[in-house]
Amino acid sequence: MRRFSWFNTVSVALGMAFLYIPIVVLVIYSFNASRLVTVWGGFSTHWYASVLANESILDGARISFTVAAISATVATFLGLLSALILVRLGWFKGRNLFSGMIAAPMVMPEVVMGVSMLLMFVTLGIDRGPVTITIAHITFTMCFASVILQSRLMELDRSLEEAARDLGCPPVLAFIKVGLPNVLPAVVSAWLLSFTLSLDDLVISSFTTGPGATTLPMKIYSQVKFGVTPEINAISTIVLGIVVTGLLIATFLTRGKKDGAALAA
């Protein structure tokens, strides 16, 4: 057992404060009645009503959440397939190249990815819009989903699937009915991470967007250039609340499945 250390405690406390105090301040000042961000003018929900009545913001949010949901779903599916190939197939010709191509977007600068995607769409004559943003987000979020699912598949006990196959279950069906439920928490985690990365992206979206396809981060960035307002705080608080709520629901569901599996065992 490690001994108590004031240095470690203070370091962790300062790190947590550095990360979360600005978020707490942002949430508090989203209820500020004053138009000045740094001056408290009393409690008010005026800025939330202003956000919900702003069609430009709502359109950006609609595009962002739609793109994030679609790209996260496709990226998680492709990430699961790539993880199965890397974990289950063992060594094959071109494995190192395939693994490197999967992991490359994790270390590649977003500006480079954005420019390369832009050149590809221009060369192919594809009109930029929500579809091109979705394709770009699938490309750079799939690697994160693949890494999460690879680590879980490596820990998975394959004897359960082998038992199902001994009873006459085809390999694919054995994985769907036996293996997939055991990796479901990792699938949910991969989807949530992909969704958050897509929802938060600004650089790649800026290169791959087109007229009438402005995402919420791009809307916020364009407004912040003229100064931060309580309306920006309200938008950020709403997005934060949605993400945290989704995370809590996913945690509750996956924990319930784990508890059910433990009781069944």
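Phe43 is exposed, with a relative accessible area of 63%; exposed means over 50% relative accessible area, buried under 20% and partly exposed in between, with a 1.4 Å probe and protein chains only. The model is predicted: local features need pLDDT of at least 70, side-chain atom pairs count only at pLDDT 80 or more, and totals for chains, interfaces and linings use all residues. Residues are numbered from 1 along each chain as its sequence is written, and side-chain values use heavy atoms, with hydrogens and water left out.

The chain as a whole provides the setting. Its secondary structure comprises 11 helices and zero strands; helices (H or I, at least four residues) and strands (E, at least two) are DSSP runs, numbered from the N terminus. The C-alpha trace spans about 70 × 60 × 35 Å along its principal axes. Of the 265 residues in the chain, 32% are buried. Where contacts join residues at least 6 apart in sequence, 71% of them link residues at least 24 apart, a contact being heavy atoms within 4.5 Å. The chain exposes about 16000 Å², of which carbon and sulfur atoms supply 71%; accessible areas come from the Shrake-Rupley method with a 1.4 Å probe, and for residues only the protein chains shown count as cover.

The aromatic side chains can now be considered. A pair of aromatic rings is described by the distance of the centres and the angle of the planes. Rings of Phe, Tyr and Trp (its six-membered ring) pair if their centres lie within 6.5 Å; planes under 30 degrees apart count as stacked, over 60 as edge-to-face and the rest as tilted. The structure holds five such aromatic pairs. In one of them, the ring centres of Tyr29 and Trp40 are 5.8 Å apart and the planes stand at 90 degrees, so the pair is edge-to-face. Because Tyr29 belongs to helix α1 (residues 6–29) and Trp40 to the loop between α1 and α2 (46–52), this pair ties together parts that are 11 residues apart in sequence. Tyr29 is partly exposed, at 23% relative accessibility, and Trp40 is also partly exposed, at 42%.

Phe43 returns here as the partner of Phe31 in a stacked pair, 5.2 Å centre to centre with 10 degrees between the planes. Both Phe31 and Phe43 lie in the loop between α1 and α2, 12 residues apart. Phe31 is partly exposed, with a relative accessible area of 24%, whereas Phe43 is exposed. Together with Tyr48, Phe31 and Phe43 form one aromatic cluster.
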